[in-house]
Amino acid sequence: MRLFDEHAILRFALLFVCFIFAALVPEILNFSDSLFMFINYIAAIIFLVYVAVFYKFPVSGNLKKMRNDVEIPESATAEPSRDYQKDLMEKDEMFQMLVDVSSDGFWTFDVPTGKVYWSNQVAKLLNVGSDKVDDSFDTLKNYVMESDWEHFREELAKSLNENHPFNVSLRLVSAKDSTTEIMVSGRPQFSEDGRPIRVVGSIGSRVSTAAIERQNYFYVYQDALTGVYNRKFFLEKLKVDIDNAAKRPDYTFAVALLDIDSFGAINDSFSTNFGDNVLRVVAERIKSSCRENDCVARIGPDVFAVVLHNIQGADPNDDLMPIVRKLHNNVKMPLQLEGRELYISVSMAVVVNRDVDCVEDIMANASAILRDLKKNGDHGSIQFFTGGIREKAMKLYKLEYEIRRAIQAKEFVLMYQPIVDIGAGNNIVGFEALVRWNNTEQGIISPAEFIPIAEETGLIVPMGALILRMACEQTKKWVDLGYDNIKVAVNFSAKQFALDNMVDDVRKVLAETHLNPKNLKLEITEYTAMCEVEKTIDIMRALSGMGLQISIDDFGTGYSSLSYLKRYPIHTLKMDKSFIDHVADDEEDASFARMVISIAKSLNLDLIAEGVETAEQLEFLRREGCRQIQGYFFSKPLTPEDALGYLKAHYGSAPAEKASEKVEEKVAVLA
Ligand code: C2E
Ligand code: MG
Ligand code: MG
């Protein structure tokens, strides 16, 4: 913008002159009384005012350099070009320049000859070489989807018949899965007598919102690892299927859940990458075993779900069975992966929509079936929904909630079952701490009813910590009373044993309760001991290094390898009650018991026989050389008070001669 405008100064000067002239009007009237002179004088003033305000001064000099705020070269003519619009239209060169600088493509369709002109840009937009572009509509027809081409033809014909512009979007064949489409627009031109001459148009590329939606849909609903649907989609689809089935009473579909057994072990033994590949193969196998419209999804880390549609037949379960069997067989076939052969086991739960009719119930029942299969050791089998499972599932959920509450409310108490040494005058060597749930409504509940649920839900970890502390506190009380050689055994579940900080936690509890580790034993089942052998051995070493002892519980039920057993730093085997039950009347059980006794002897381990109820069983064990006995024959599990009474009544004089006086004193204090 310029500071001084010459025209403005000129106009201002003229107005100033007018002002002087106007100021002199009285003088003029005095000077001449001629009216003619006066009128001329006034006319001159009006003329000058008009010029100052309205006259358009011609442009000259360096002002020519600006046109519509754009600076143009000095050499450009000041005169507007004669009929420049016409010139512009006619000049091919100018048109070509415009066409070339545009990112859009242009086309013209010459109606009389049927020839099409495509600008250079069109080849790029169609994603083809320039040699593929000719003077026909084949250029478009060959590279867009067939249905879209038909749509374009119809629109073009309509625009020529009805004289209006059109605009269509066409999907490229080469970009089937991408989000790119082209937008083709055209406008027809007609001669003065109304005949179509040509169609002129442009082509641009655009990102299709429909395709983006399709892609987003997959981000939201697809399982990234396996490519099948995810849990969210599955549940939504199931809801739709249920709603549809409600409108058609004859329509039956089934939901199958497939759980890969011991998938954690596959990850641990190989790698998570290997585990991922197993999941991919399983997903692929499920997909290829199902029909096109069956919905396959991964709904948990190692759980897949399928909706099997349109089950025919009078009894859908009959019709379903072959489908389910085929699916199960295909999935569990041996896998060849990364040069290894792997056998996988898959547990399967099947629920039919006629039995259960809402998403939550279908899923809850199917999950309950899977849980049941695992709990009962029925890995790798197929189980169909039966009525009772729903109630069972509800009961389980309620129980889980109740266990959580009971941990907070400290409703768990410990009973102590004596372990007696029959080789040393029936001296009591210690107790096994056995948990009971002292429920406000139901009274005392047995661990068989809640330990499996606590294990499954992980609640065993806080519960186990509570039990260990209670047992240590109680044992410390007895030690302080002088029974300083007794050992109290605490059961540890596999989940507790696998905790990273398990050894530190035990050390902490011992320190806080001031209990000597020699008074504590940890019992783990044979099955737990056989999981993750190397890790288990490390933990056992750390524990026995602290001075406490380890027992293998339920020995004989877990098929442990003797070579492993030899490597474990353990002190005691506990022979399972199931082998004791018939030692006195079944030769097979008797020889098994003899074998366990000789294993313990050869490995130099203590042996405790569990569940001894009769004198015959006791006699057998005495004869075969098993000295330590736990069972109803001597005592059922006792309350801490009764256990103290038992201690008092049975404690031998030899090991606690010194302590016995103390015992007498302190029992009196405690009572
Ligand atoms: P277990 O560790 O093998 O405990 C022995 C079970 O046999 C106890 O059952 C005990 O009462 C029972 N028993 C002992 N002698 C006899 C007998 O002569 N006859 C009969 N019929 N039974 C006898 P309980 O207390 O019901 O415990 C069952 C299982 O629950 C235990 O088996 C153990 O696996 C688990 N459990 C108990 N308390 C705890 C605990 O504090 N923590 C953990 N993790 N598990 C526990
Ligand atoms: Mg035990
Ligand atoms: Mg046992």
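Me: Let's start with the overall build. How many helices and strands does the protein have?
Reply: Happy to begin there, and please keep in mind that the model is predicted. Of the 671 residues in the protein, 41% are buried. The secondary structure comes to 27 helices and 24 strands.

Me: What share of the contacts between residues at least 6 apart in sequence join residues at least 24 apart?
Reply: The accessible surface of the protein is about 37400 Å², and 54% of that area belongs to carbon and sulfur atoms. As for contacts between residues at least 6 apart in sequence, the share that joins residues at least 24 apart is 62%.

Me: Which protein donors hold the magnesium ion (ligand 2)?
Reply: These donors lie 2.1 to 2.2 Å from the ion. Their sequence spacing reads E-x58-N-x31-E-x29-D. Glu-432 in strand E17 (residues 427-439) and Asp-553 in strand E21 are 121 residues apart. The donors are Glu-432 (OE), Asn-491 (OD1), Glu-523 (OE) and Asp-553 (OD).

Me: Which residue bridges the magnesium ion (ligand 2) and the magnesium ion (ligand 3)?
Reply: The two ions lie 4.0 Å apart. The bridging residue is Asp-553.

Me: Is Glu-432 buried or exposed?
Reply: A residue counts as buried under 20% relative accessible area. Glu-432 has a relative accessible area of 3%, and Asp-553 has 6% relative accessibility, so Asp-553 is buried. With its 3%, Glu-432 is therefore buried.

Me: Which residues does Glu-523 touch, leaving aside those up to four places away in sequence?
Reply: Glu-523 is placed in strand E20 (residues 520-525). Its relative accessible area is 2%, so Glu-523 is buried. The residues it touches are Glu-432, Ala-489, Val-490, Asn-491, Phe-492, Ser-551, Asp-553 and Lys-574.

Me: At what angle do helix H17 and helix H19 pack?
Reply: Two packed helices are described by the angle between their axes and the distance between the axes. For helix H17 (residues 460-480) and helix H19 (residues 502-513), the axes are 9 Å apart. H17 passes H19 in a right-handed crossing. The packing angle is about 35°.

Me: Which residues of H17 and H19 make the contact?
Reply: By class, the contact of H17 with H19 has five nonpolar, one polar and four charged residues. H17 brings Leu-468, Arg-469, Cys-472, Glu-473 and Lys-476. From H19 come Val-506, Val-509, Leu-510, Glu-512 and Thr-513.

Me: How far apart are the C-alpha atoms of Pro-517 and Met-546?
Reply: Pro-517 is in the loop between H19 and E20, and at 19% relative accessibility it counts as buried. Its contacts include Met-546, Gly-547 and Leu-548. Although Pro-517 and Met-546 are 29 residues apart along the chain, their C-alpha atoms are separated by 6.8 Å.

Me: Is His-514 buried or exposed?
Reply: His-514 is found in the loop between H19 and E20. Its phi is near 55°, a positive value in a residue other than glycine. A relative accessible area over 50% means exposed. His-514 is at 59%, so it counts as exposed.

Me: One last stop: which residues does Ser-159 touch, not counting those up to four places away in sequence?
Reply: Ser-159 lies in helix H8 (residues 146-162). At 0% relative accessibility, Ser-159 counts as buried. The residues it touches are His-164, Phe-166, Pro-188 and Phe-190.

Technical notes: Residues numbered from 1 in each chain as written. Chains lettered and ligands numbered in written order. Predicted model: local features only at pLDDT ≥ 70, side-chain atom pairs only at ≥ 80, totals over all residues. Heavy atoms only, no water. Helix = DSSP H or I, 4+ residues; strand = E, 2+ residues; numbered from the N terminus. Buried < 20%, exposed > 50% of the residue type's maximum accessible area, 1.4 Å probe, protein only. Contact = heavy atoms within 4.5 Å. Areas by Shrake-Rupley, 256 points an atom, 1.4 Å probe, with all protein chains shown as cover. Axes fitted to C-alpha atoms, helices over the stretch in contact; angles between N-to-C directions. Left-handed = near helix turned anticlockwise from the far one by under 90°. Nonpolar A, V, L, I, M, F, W, Y, C, P; charged D, E, K, R; others polar. Donors = N, O, S within 2.8 Å, 3.2 Å for Na, K, Ca; no water.
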